[in-house]
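Hi there,

Here is the structure I promised to pass on.

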Amino acid sequence: MHPSTARSTDSSTSRSAAETPLDTLYQIETPEGIDLSVQVAGPVPRILAYAVDLLYRTLILVILGIALTFAGKAGVGFWLLGSFILEWFYPVFFEMFRGGQTPGKRAFSLAVVNDNLTPISWGASIMRNLLRFADFLPFGYCAGMISMSASRYFQRLGDYAAGTLVVYRQEEAKPVALPQVPPAPPPKGLKLQDQQAIISLTERSTALSKERQQELAEILEPITGHRGEASIRYLHGVGRWLLGTRQKSATGAAADTRDKGVAQ
Amino acid sequence: MKQQDFEERYSPLWARIENYLAGYEKNTIPQTQSSADDSPQQFDLPAAYRDLCQQLAMAKERQYTSYLVTRLNQLVMACHQRVYQQQSVNKNRWLDFIIRGFPCALREQARFVWLACGLFLAPALVMGLGCYWNDALIYAVMSPEQVLQIEAMYDPANRVLGRERGSDSDLLMFGYYIKNNIGIAFRTFASGIVFGLGSIFFLVFNGVFLGAVFGQLTRVGFAVTFYPFVIGHGAFELTAIVFAGAAGLMLGHSLVNPGNISRRAALQQAGRNAMKIMYGTFLMLVIAAFLEAFWSSSTTVSMEVKLAVGALFWLLVISYCVLAGRGTHTDSREVVR
């Protein structure tokens, strides 16, 4: 989109102002010269997360109400106090002490972070939750919805003022299991792109169906000269070779190599 | 270097970083080094983080597989969050904020405070005088039932102010004042982001309403009960509403006139300054709710004492805002930031 929307506002980090395609990817460059990237969350998961939080909040208020009916007028006072705290500071509490995730956000693996991707600070958290009221105007979070829809990174008014983002907490990257085939030396003259394609096919051996892999592998039949089952086995072998696995000797040290290759 | 050799060489470091970040109670990653090496005292996170960044850059440059790059990216992100974690607030900073930071912040933004003050007081004065001279004007802003209700609450013929109250209903009213008054202050602030219009609306609206009540009750001769009631907590409550309005106007002003920076940056800057005022406002409103529930409504304290104490509160609040933290101005700016 427009480069000015990605202009840096923080002294410690600068956002890359490069033209980016229309995407939910948010990137910043750290002082160490590393690009960090996260996926920002759109209105729909955020509304759902809000609904979950609303449910919890209502539930707490109802339980509190029932428990405090025995305390008479003082109970009503405490209930009002409780409802005040829940209304304004429920999200602040969880954002500060639960890694930027209210229970609703946790359910949809969302989290609030500062726009330099550091954990949200007190000031920012209180700010964005006080401005909830402005986002609510004129009714039912209309202003917030419009602001989010018009924003490059789905920020509501409170997010703009506090300099925060709602992002997806990424799942931990799990090591991929490589297919158990002996590594095979690749044919000469493989370009980088070809190598990457083969490696990627090898890594996705468990994600793709056997038939589909075979179909893909047979495209290369003129080069590899293999068909059917053998064509996948050959490509997987090349993939493992490209990743660095070698057979130690011709006489079956294969088991050892395999373990080494996969256990990383 | 092939990817697997790369992974093999550096994975002990990655495991150590993961161990360190997870903390020992959650440690599920198999230890690849002797555990003595992993003690937090010896582990230098910034150094490890720099190495990790370099390895991520290498992995990207050499176009290793997406799994590895993703994993390193996540590890770098986790480190980044730890290394650049914001300092938590300590007690001294809070004390310093109350003694110097808040009044200094108010004086720094004096023009917004005065503007908010005018927006609140001018309608209050007009409406107050109007209702004092004209017995019909109050019905322009309130229904007859509301007027009767308010008059009944402060009728000197009543032996008690408002309702007959025990300590439990004091608590009830405390809860009510907290929820209602602080809610109003927060809304006054938050709606300032609509180019200041929301704050202006809330300030004027509250000014009109308050002025009308003052004028009406003075005209019908209930001043003897009403003034002692409001003077005590009013010192904190009315000023706090004005300050919340000023904070809201700051947000609005940053959007209307951002100066040489983008509106987004101006808003964030104004937001940081406005938050300083809002913290203080919140404290003042808690004090106000406490006074309103437990002091102002008290029937055992005589009217003269209430007026005297109320006047003292006003003096206290005004001199606090005007005088506190003067002379240490440059210091406090650094500390509060």
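Let's start with a question: which residues does Ala116(B) touch, not counting residues up to four places away in sequence? They are Leu203(B), Val242(B), Gly245(B), Ala246(B) and Leu249(B). Before going on, please keep in mind that this is a predicted model.

Helix 5 of chain B covers residues 110-133, and its axis comes within 8 Å of the axis of helix 9 of chain B. The two axes cross at roughly 120 degrees, so helix 5 and helix 9 of chain B are oblique to each other. The crossing is right-handed. On the helix 5 side of chain B, the contact is made by Phe112(B), Val113(B), Leu115(B), Ala116(B), Cys117(B), Leu119(B) and Phe120(B). Helix 9 of chain B answers with Ile241(B), Val242(B), Phe243(B), Gly245(B), Ala246(B), Leu249(B) and Met250(B). Sorted by type, the residues of this contact are 13 nonpolar, one polar and no charged.

As for chain B as a whole, its secondary structure is 12 helices and zero strands. Of its 337 residues, 41% are buried. If you take the contacts in chain B with a separation of 6 or more, 80% of them are between residues 24 or more positions apart.

On to chain A. This chain has 12 helices and five strands, and 33% of its 264 residues are buried. For contacts in chain A between residues at least 6 apart in sequence, 56% join residues at least 24 apart.

Helix 1 (residues 43-68) and helix 2 (72-97) of chain A have axes that come within 9 Å and cross at roughly 165 degrees. How do these two helices of chain A run, roughly parallel or roughly antiparallel to each other? With that angle, helix 1 and helix 2 of chain A are roughly antiparallel. Helix 1 of chain A passes helix 2 of chain A in a right-handed crossing. From helix 1 of chain A, the residues that meet helix 2 are Arg57(A), Ile60(A), Leu61(A), Leu64(A), Gly65(A) and Leu68(A). Their partners in helix 2 of chain A are Gly75(A), Phe78(A), Trp79(A), Gly82(A), Ser83(A), Leu86(A) and Tyr90(A). That contact divides into eight nonpolar, four polar and one charged.

Next, have a look at helix 4 of chain A. Seven of its nine residues are buried, so helix 4 of chain A is largely enclosed by the rest of the structure. The buried ones are Ala124(A), Ser125(A), Ile126(A), Met127(A), Arg128(A), Asn129(A) and Leu130(A).

- Leu137(A) and Pro138(A) are joined by a cis peptide bond, with omega at about -15 degrees. Pro138(A) sits in the loop between helix 5 (132-136) and helix 6 (142-150) of chain A.
- Tyr141(A) is in the loop between helix 5 and helix 6 of chain A. Its phi is positive, about 60 degrees, although Tyr141(A) is not a glycine.
- Phe154(A), in the loop between helix 6 and helix 7 (157-162) of chain A, has a positive phi of about 55 degrees and is not a glycine either.

Are Tyr141(A) and Phe154(A) buried or partly exposed? Tyr141(A) has 18 C-beta neighbours inside 10 Å, so it counts as partly exposed. Phe154(A) has 21 inside 10 Å, so Phe154(A) counts as buried.

Finally, how do the chains meet? In all, 52 residues of chain A are in contact with 55 residues of chain B. On the chain A side, the largest share, 12 residues, comes from helix 2 of chain A. The residues of that side divide into 30 nonpolar, 17 polar and five charged.

Happy exploring!

Conventions:
Residues numbered from 1 in each chain as written. Chains lettered and ligands numbered in written order. Predicted model: local features only at pLDDT ≥ 70, side-chain atom pairs only at ≥ 80, totals over all residues. Contact = placed C-beta atoms within 7 Å. Axes fitted to C-alpha atoms, helices over the stretch in contact; angles between N-to-C directions. Helix = DSSP H or I, 4+ residues; strand = E, 2+ residues; numbered from the N terminus. Parallel < 35°, antiparallel > 145°, perpendicular 65-115°, else oblique. Left-handed = near helix turned anticlockwise from the far one by under 90°. Nonpolar A, V, L, I, M, F, W, Y, C, P; charged D, E, K, R; others polar. Buried ≥ 20, exposed ≤ 12 C-beta atoms within 10 Å, placed from the backbone.
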